[in-house]
Amino acid sequence: GTTRYYTFNVTIQNVTRLCTTRAIPTVNGKFPGPKIVTREGDRVVVKVVNNVKDNVTIHWHGVRQLRTGWSDGPAYVTQCPIQTGQSFVYNFTITGQRGTLFWHAHVSWMRATLYGPIVILPKRGVPYPFPVKPYKEVPIIFGEWFNADPEAIIAQSLQTGAGPNVSDAFTINGLPGPLYNCSSKDTFKLKVLPGKWYLLRLINAALNDELFFSIANHTLTVVDADAAYVKPFHTDIVLITPGQTTNVLLRAEPDAGCPAATHLMLARPYGTGQPGTFDNTTVAAVLEYAAAGHIKSLPLFRPWLPALNDTAFAANYSARLRSLATPEYPASVPRGVDRSFFFAVGLGTNPCPANQTCQGPTNRTMFTASMNNVSFTMPTTALLQAHYDNIAGVYTADFPVAPLEPFNYTGTAPNNTNVSSGTKVVALEYNTSVEVVLQGTSILGAESHPLHLHGFDFFVVGQGFGNYDSSKDPANFNLVDPVQRNTVGVPSGGWVAIRFFADNPGVWFMHCHLEVHTSWGLKMAWVVNDGPLPEQKLMPPPSDLPKC
Ligand code: C2O
């Protein structure tokens, strides 16, 4: 492969959306940030220079980072953040992945504005496994725009224990589109030629919302998820959680009766319960067939989207995703399991500290979020450094393999107040085959949690509603062609089972990709020890690794 060099200057830029101008952190003054284009097998070298007053790190979301954990990016997990005026060179190789991923800041809520696409083309000369050759490839990156400072929003939530204010708009390629006030000029337009095929690289970089996406009068063919090929299937609507990516093929076929008509592409949240706590507005972009002038002068076709709480649609959609599983692209699913875990995943409450006023979900409480009753506390030394240098006292390897006590995870379960805090990890020997059942607890409304694992792709071998039953459910696991991905929606009131080989030495974060839940503690880490062979060991840290 070749080596691709980039420089990311993190700078403040004035950006106006919804008639509100904010000075936001950007990469090279762009919002969304620049696109990285690479091929499978290439090396990517990005020098990140911090020219803003806040700490910065960049995470290459979904990149496996085989043995290069120092370049993974989550602050205080694999590195100390890059301080003002400092820089750090991220250096990694794309191994066994093709499709779309994305990069984003990984400290506090900075990824609200610091994100951009990673396009991974197949190796030179290797065709796509689907029979059409796209005429054009277009990233479609979903985000959220806040009129207020996102850092102030999360700081206030952590202070008062209440849910944070929702964003003011969803965006497509940084633009809210014509359904928002003061926004018709800020509309992403995709000009297409009739009869041509397009590959849309969908990325959900939104902070806190899963999204439905659809294009009026056009069927989409899903071909890739999280940079792994899937068995192609047709759908009018895609569901995409924060942290997920999906490649879809689109054939440009204009309306027979009105070939210049404008077709809207829309996205809006999938959010299950708690009406009123979600931003349920809709972002629109435009599919345009001709030099059509002002969009209001032509008929406007609008797609149908499922209701905010359409869990049945979500479950059916997720079940359709299958690995391609061909000889060229095999699904190497762990068949046996060396270590199995049951993680109860969800929200709960903590009592309000005596000297504080709290506005949490019930009187004098604060929201918290946990896995197996542990709300993760960020350390002040990077976990990977502590692991590599054997620094004691940074973390403990006693993350529980199961929740404190079993209970009924459906319906109105008792409030989960039995939450403790700690920096707890699970230690794994190299190449352990791991199974994790992630059980949504349905406490405080029923929201699904897009769980993201760093450093690995996992296979989603099973999913279901209600309580996971270890005596029955494993019999139905798909070990043949389960979807391979890095982020999975743990259904509200249900569970998913994932498997992976711990073949990547280092420290790997796992967390809900709804940023507010991460902030409340829905996160943990895996420590994977070196294997015996030289090529099974974590590489030494780069000399410019930031210090805390
Ligand atoms: Cu895209 Cu740890 O996250």
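Proline 32 lies in the loop between strand 2 and strand 3. Strands here are DSSP runs of E with at least two residues, helices are runs of H or I with at least four, and both are numbered from the N terminus. A cis peptide bond joins phenylalanine 31 to this proline 32, with omega about -10 degrees.

This is a predicted model, in which local features need pLDDT of at least 70, side-chain atom pairs count only at pLDDT 80 or more, and totals for chains, interfaces and linings use all residues. Residues are numbered from 1 along each chain as its sequence is written.

**Confidence**

- Mean pLDDT for the protein is 93. The score is the predictor's confidence in each residue, from 0 to 100.
- A pLDDT of 70 or more is reached by 95% of the residues.
- The model has an ipTM of 0.99 and a pTM of 0.97.

**Domains and annotation**

- The protein divides into domain 1 (1-126), domain 2 (130-323) and domain 3 (339-536). These bounds come from an automatic or database domain assignment.
- The centres of domain 1 and domain 3, taken over C-alpha atoms, are 25 Å apart.
- In domain 1, 15 residues are in contact with 17 residues of domain 3. Contact requires C-beta atoms, placed from the backbone, within 7 Å.
- The side of domain 1 that touches domain 3 holds 7 nonpolar, 5 polar and 3 charged residues. Nonpolar covers Ala, Val, Leu, Ile, Met, Phe, Trp, Tyr, Cys and Pro; charged covers Asp, Glu, Lys and Arg; the others, Gly among them, are polar.
- An unreviewed UniProt entry carries the annotation "domain: Plastocyanin-like" for residues 10-123, 137-291 and 406-530. UniProt positions follow the numbering used here, feature names are shortened, and annotations may be inferred rather than shown by experiment.
- Residues 10-123 are 0% helix and 46% strand, and the end C-alpha atoms of this span lie 30 Å apart.

**Sheet 2-1-4-6**

- This open sheet has 4 strands in the order 2-1-4-6, with mixed pairing. Two strands pair if DSSP finds at least two bridges between them.
- Strand 2 (20-27) and strand 6 (87-93) each have a single partner strand, so one side of each edge strand lacks a neighbour in the sheet.
- Neighbouring strands of this sheet are turned by 20 degrees against each other on average, direction ignored. Axes are lines fitted to C-alpha atoms, for helices over the stretch in contact, and angles run from 0 to 180 degrees between N-to-C directions.
- Strand 1 (residues 3-17) pairs with strand 2 in the antiparallel sense over 8 bridges.
- Glutamine 13 has isoleucine 24 of strand 2 as its bridge partner, and valine 10 has valine 27 of strand 2.
- Strand 1 and strand 2 form a hairpin with 2 residues between them. In the turn, leucine 18 has a positive phi of about 50 degrees.
- Strand 1 runs parallel to strand 4 (residues 43-50), joined by 8 bridges. Tyrosine 6 stands opposite valine 46 in strand 4.

**Sheet 3-8-7-5**

- This open sheet also shows mixed pairing, with 4 strands in the order 3-8-7-5.
- Strand 3 (36-39) and strand 5 (58-61) are the edge strands, and each pairs on one side only.
- Strand 5 and strand 7 (residues 99-105) pair in the antiparallel sense over 4 bridges. Histidine 61 has phenylalanine 102 of strand 7 as its bridge partner.

**A backbone detail elsewhere**

- Asparagine 373 lies in the loop between strand 22 (365-371) and strand 23 (374-376). Asparagine 373 has a positive phi of about 65 degrees, although it is not a glycine.

Notes
Two residues are in contact if their C-beta atoms, placed from the backbone, lie within 7 Å.
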